[in-house]
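Please consider the sequence and the model shown below. The explanation that follows is meant to be read alongside them.

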Amino acid sequence: MATQASRAAARLMISPAVVLLLLWMIVPLGMTIYFSFLRYNLLMPGTEAFAGFDNYKYFLTDPAFFTSIKNTLVLVLGVLIITVGGGIALALLLDQPLWGQGIVRVLVIAPFFVMPTVSALVWKNMFFNPVNGLFAYAAKAVGLQPFDFLSQAPMFSIIIIVAWQWLPFATLILLTAMQSLDSEQLEAAEMDGASWGNRFIYIMVPHLTRAVTVVILIQTIFLLSTFAEILVTTNGGPGTATTNLTYLVYMQSLLQFDVGGGSAGGIIAVILANIVAIFLMRMIGKNLET
Amino acid sequence: MARAVSTRRKAIVTVIAWGIGLAIFFPILWTILTSFKTEADAIASPPKFLFFDWTFENYVTVQERSDYFRHFWNSVVMSVGSTVLALIIAIPAAWSMAFIPGRWTKDVLMWMLSTKMMPAVGVLVPMYLMFRDLGLLDTVSGLVIILTLINLPIVVWMLYTYFKEIPGEILEAARMDGANLRSEIIYVLTPMAVPGIASTMLLNIILAWNEAFWTLNLTAAKAAPLTAFIASYSSPEGLFYAKLSAASTMAIAPILIMGWFSQKQLVRGLTFGAVK
Amino acid sequence: MGQIELQKVTKSFGETQVIPPLDLVIGEGEFVVFVGPSGCGKSTLLRLIAGLEDISSGTIKIDGKDATDLGPAKRGLAMVFQSYALYPHMSVRKNIAFPLKMAGMEKAAIDAKVEGAAKVLNLGDYLERRPGQLSGGQRQRVAIGRAIVREPAAFLFDEPLSNLDAALRVNMRLEITELHQTLKTTMIYVTHDQVEAMTMADKIVVLHAGRIEQVGSPLELYRTPRNTFVAGFIGSPKMNLLTGAVAKARGVETIGIRPEHVAVSKDSGEWQGRVTVAEHLGSDTFLHVNSDHGGMTVRVGGQMNVGHGDTIWMTPDANHLHRFGADGVRIA
């Protein structure tokens, strides 16, 4: 509902944002696509040549690629299971009447605000360290051998760190969704003879579905690009045990200076992320209509 | 309607919730405590919780040895700078989409969001090369530019959802009352939008402050913000728990406090309005 | 001041034409009510007059001058919105002063006008409060206050009472009517409630699907509805519209008779029927009757003792019988 003049003004006001994002999307991505078809190594300047699909072939047939895909999936799924499961449980718990609810909420939410490099370092040194870490101390206290988390269960350790950072996010969103549930609905169900279990399954779960989907999709987008936690703790190792796709591309391009190969890997990462993104966009798009 | 809950039940829930809450918070608490210990106390076995010689020496040392405040300042400039820049670009865009929606508004919004879905590694190489060629590597201004771009979609979206809540009739009333576009923005829209803009700003500062892909890949010693500075402690020779803790505490404290204030807005901002 | 003329005005949203070519003259000082079911285009029409929407074609003249291309602020009209659209961050005083401030009036003059309006509207004690601290009726008065200080050529009201509860609505209805009598300014009032239209208007414009069905004074519309739509829309309870044999017998497609124009007897009459529900209002009783010719509503005196299941006889008053042709148009 508007007049002609205001429409023109609207177009003018929106254009800086659109132009900037358009450039941001097209220029670097176009360059990545271009590089991915070149033989291009920063250590050997001047030897750039068209390489066709060679970079993709090398990248896709590199055994490290499959490991990295597997690691990426394990990391994403592991973190999702912990955060969504834990998030629902915590949301249900915090939705109950209790003393000091606000403070507990603040405690639970805190890890989300810790920068990834700090949380990775804190966990690595003060908890996982086999000599001085708190877990090692706890193991010794009950007479067990200290466990070297980062070398014996590196992926598990990283999942713990990342899940600790994202559990608050899941909890906060699910709790918000929980609190938006009309209590009269629950009371009506109770009057209709539904037990707590039935109310959980038939009322709360359907109400939370949408929030859970949003949590899963948004976390997936971020988790696919997990980087700092790996860089700081294991550098992708031991071997390639914790190398995910993002880290592999980083190594290829900035450590081995293989621009062509790194670009090909980057494009593959973009394609994978887009598959997730399509689902997420549908969800949010639907929301726009209401 | 709230209903009476037995005190016993409430007490049990309280104990469990506090237990879990403290467990989740523990790594942060432990870091803060350790930052006040001597290096010897920091690795003492059994661990010392509260009964140790409290000292501020680590904070002093961190500053002296590594020029902590320069990195802190880099983080401040980077996060505030990119946020302000993003707001300047996003406010008119979100305003026009919320109040003068056209046929394409929805598609434009979705498209903006889709740029956020692009994984950073996808454009790592060209950005690195472009920064190198433009002399932006290891500069704070380079970081400001890139963080503005990556957070712009979120800022537009958050503002859009806030602006959407301002009833259109009020703006029409202002127009009927004789306000031109300028007075409409100054006297009516801005005062009503300030809370939304403030929360957007807060959330965006948090996101920018904690960004740990571009900051790690595009900076070295000079322009490193706190994320990258802390990462330098991962090398074995930097393994001093108390000093690491002091540096960490300083890096997370400001954002932790800001974050606690913006809990509510966080949900809306991070879910693009899908959960309120 | 305050004559508004619409000439061949149309409005389309994309492909759909919501207002087909429409002509209307609103005289100076008139209280005109646009009434119709929801979606009939009455609010759109008001917004076209206000300048909040561009018209697709045609001309709008205000006081004889072409206002078609003027912005809303330049037309010299004031509007009271359905949601009141008060500025939540401003005090009542600032809300009322806002249009004057926009017009660049001096501070002292603004204060005097605001005080004056507050006195007229009984808002004196609330001037420093925020809209959020006021009741619905008070907010409504602030919205009106904001409109009257501008001394507009005409007031536009967009369903202003729909957010108030029933008792308050009756009060505000009176207040607005009194205001009109005091100010003598043209008012255009949009509502879907035909009671508001009947009680307030000098002139009612009945709209249906963007088209004007009839324009006239409340009693003209009540006595001589031009077609079955107006007949069914104006008046409460609704006019009984009967089709079939009973209408054919009178040589038309449809006959209409208002509930108050039917004589009811327990013994004899023209039509027989069985009472399904009797609504006792005290002074009157409305009987919902299942008759030979379909469902009907009739009014009887409060003292008549009839109830559910009773059989009654009804005789229409021939002087008040309305006759409509196959196209729904009144036959004189």
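The model is a predicted one.

The contact between chains A and B draws on 88 residues from chain A and 87 residues from chain B. On the side of chain A that touches chain B, the most is given by helix H1 of chain A (residues 4–36), which supplies 18 residues. By residue class, that side of chain A comprises 69 nonpolar, 18 polar and 1 charged.

Within chain B, attention may turn to helix H8 (residues 168–176). Of the 9 residues of H8(B), 7 are buried, so this helix is largely enclosed by the rest of the structure. The buried residues are B:Ile170, B:Leu171, B:Glu172, B:Ala173, B:Ala174, B:Arg175 and B:Met176. Their cover comes from two chains: it includes helices H4 (68–99) and H9 (181–210) of chain B, and also helix H1 (42–50) and strand S6 (77–80) of chain C. Just after H8(B), B:Gly178 adopts a positive phi of about 95°.

In chain C, helix H2 (residues 92–102) packs with helix H4 (residues 136–148) at an angle of about 30°, and their axes are 7 Å apart. Because angles under 35 degrees count as roughly parallel, H2(C) is described as roughly parallel to H4(C). The crossing of these two helices is right-handed. From H2(C), the residues C:Val92, C:Asn95, C:Ile96, C:Phe98 and C:Pro99 meet C:Val142, C:Gly145 and C:Arg146 of H4(C). The residues of this contact divide into 5 nonpolar, 2 polar and 1 charged.

Conventions. Residues are numbered from 1 along each chain as its sequence is written. Chains are lettered from A and ligands numbered from 1 in the order in which they are written. This is a predicted model: local features need pLDDT of at least 70, side-chain atom pairs count only at pLDDT 80 or more; totals for chains, interfaces and linings use all residues. Axes are lines fitted to C-alpha atoms, for helices over the stretch in contact, and angles run from 0 to 180 degrees between N-to-C directions. Helices (H or I, at least four residues) and strands (E, at least two) are DSSP runs, numbered from the N terminus. Angles under 35 degrees count as roughly parallel, over 145 as roughly antiparallel, 65 to 115 as roughly perpendicular and the rest as oblique. A crossing is left-handed if the near helix is turned anticlockwise from the far one by less than a right angle, and right-handed if clockwise. Two residues are in contact if their C-beta atoms, placed from the backbone, lie within 7 Å. Ala, Val, Leu, Ile, Met, Phe, Trp, Tyr, Cys and Pro count as nonpolar, Asp, Glu, Lys and Arg as charged, and the others, Gly among them, as polar. A residue is buried if 20 or more other C-beta atoms lie within 10 Å of its own, exposed if 12 or fewer, and partly exposed in between; C-beta atoms are placed from the backbone.
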